[in-house]
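Subject: Structure handover

Hello,

Here is the structure I said I would pass on.

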Amino acid sequence: MHDIEYIRKNPEEFGKTMKSRGIENFTVEEILEIDHEKRSLTTKLQDLNRQRNEITEEIKKLKVSKSSCENEVKASKNVTNEIEETSLKEQTERVKLTNILSNLPNIPAQDVPIGADENSNLEVRKYGKRRQFDFTAKPHYELGEKLGLMDFEQAAKISGSRFAVLKGQLAKLGRALINFMLEMHVKEFGYTEVYHPALVKNEAMYNVGQLPKFSDDSYLTTDELRLIPTGEVVLTNLVADKIIEEKELPVRFTAYSECFRKEAGSAGRDTRGMIRQHQFGKVELVSITTETQSNNELERMTSVAEEILKKLELPYRVMLLCSGDMGFAAQKTYDIEVWLPGQNKYREISSCSNCGAFQARRMNTKYFLEAERKVKKYVHTLNGSALAIGRTIIAIMENYQNPDGSVTIPNVLQKYMSNDTVIGR
């Protein structure tokens, strides 16, 4: 949610930032007009309530003196009727303003490049050498099917398109990655592990910016609960409607969760394999920080996700996303893209974002400043994937494949795989 006071003071700048996010179907003038009308009605309500209170006091005095108060009672009723009418108008304007602001994305940070799409993203750094194969590298779905451990056909019969069934050592590899990632995040980086629901209320989705704009992208149950599209929804909402002591920040959560997305806008994209699925596993990181901590926390969080790839010895690059390619709630985002030999390209495996106070305003989460106990500020929230399990399996299969179709297990995972070294038939 946006700070309306900022928009009042910086209307031109706000308009420019929204255009940089690809938003054209609104005007700042409309927002300011609605805001002005709402504030005028609020002022009028305050005046009317003061009038009614004065009349009520006058009626009390007249009754004590046993004088007639017929005119005053009539005036009180008229004012009450006007209060009810004005209150409805004020509420209508409030809802109109909230609806507009709720559908506008976060303002980009100053160091975010301006651009319309991924072509304007900036490469920040690269890590690792791409493996040079002396045979033709295969995509993960060919490897998995030939191993008899990846079944798309039966998954489609059971659940439809964009689902996969993993068996045997590939299923075990997924479990190994979850354990490996969570242990690293907890033991080495100080995150608190969380086990959480996969179903949430609409309010929780709204708080992190998934609603109302992305209503069609999530699965809604018949009793108005939604399957989470990311663990960020629950982990961020763990501090909803709270006031936190400054000395307690940053707070860091991690969790493994099954995530569910309709992928409504991806028809025809990544239809083969496990790159883009309706259900996928992910280890999520969420940080709650002060205003001054969040920039450094984004760098830290990104380095945590990178460390997983370094331990797995997978080549990757870090991209700073441009204004038009960032997620709705983000003000700055780093995407980590892993090298996939089977596709001969880098593909996103993690996205780490600083959302600033955008989500905190929606969920009303603040912290006390230690130096000034009466002063409260909105917390800053950050989230990142570390990592998406399915895409990490893909990266391991394609980078560690052997000429006979088997897959070497990365050294760091072997202890989680009963000390196996190879995934074979």
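Predicted model: local features only at pLDDT ≥ 70, side-chain atom pairs only at ≥ 80, totals over all residues.

Helix pair. Helix H7 (residues 168-188) packs against helix H10 (residues 294-312) at an angle of about 130 degrees, and their axes are 11 Å apart. An angle of that value makes H7 oblique to H10. The crossing of H7 past H10 is right-handed. On the H7 side, the contact is made by Leu-177, Phe-180, Met-181, Met-184, His-185 and Glu-188. H10 contributes Val-304, Glu-307, Ile-308, Lys-311 and Leu-312. Sorted by class, the H7 contact with H10 comprises seven nonpolar residues, three charged and one polar.

Strand S15. This strand spans residues 380-388 and is mostly covered, with nine of its nine residues buried. S15 pairs with strand S9 (residues 279-289) in the antiparallel sense, over seven bridges. In S15, Thr-381 has Ile-288 opposite. Strand S12 (residues 345-354) also runs antiparallel to S15, and three bridges join the two. Here Cys-352 stands opposite Gly-384 of S15.

Ile-243. This residue lies in strand S7 (residues 243-245). Its relative accessibility is 47%, so Ile-243 counts as partly exposed; the cut-off for exposed is over 50%. Leaving out residues up to four places away in sequence, Ile-243 touches Lys-366, Phe-368 and Lys-376. Ile-243 and Val-379 are 136 residues apart in sequence, while their C-alpha atoms are 9.0 Å apart in space.

Regards

How values were computed
Residues numbered from 1 in each chain as written. Heavy atoms only, no water. Axes fitted to C-alpha atoms, helices over the stretch in contact; angles between N-to-C directions. Helix = DSSP H or I, 4+ residues; strand = E, 2+ residues; numbered from the N terminus. Parallel < 35°, antiparallel > 145°, perpendicular 65-115°, else oblique. Left-handed = near helix turned anticlockwise from the far one by under 90°. Contact = heavy atoms within 4.5 Å. Nonpolar A, V, L, I, M, F, W, Y, C, P; charged D, E, K, R; others polar. Buried < 20%, exposed > 50% of the residue type's maximum accessible area, 1.4 Å probe, protein only. Pairing = 2+ DSSP bridges.
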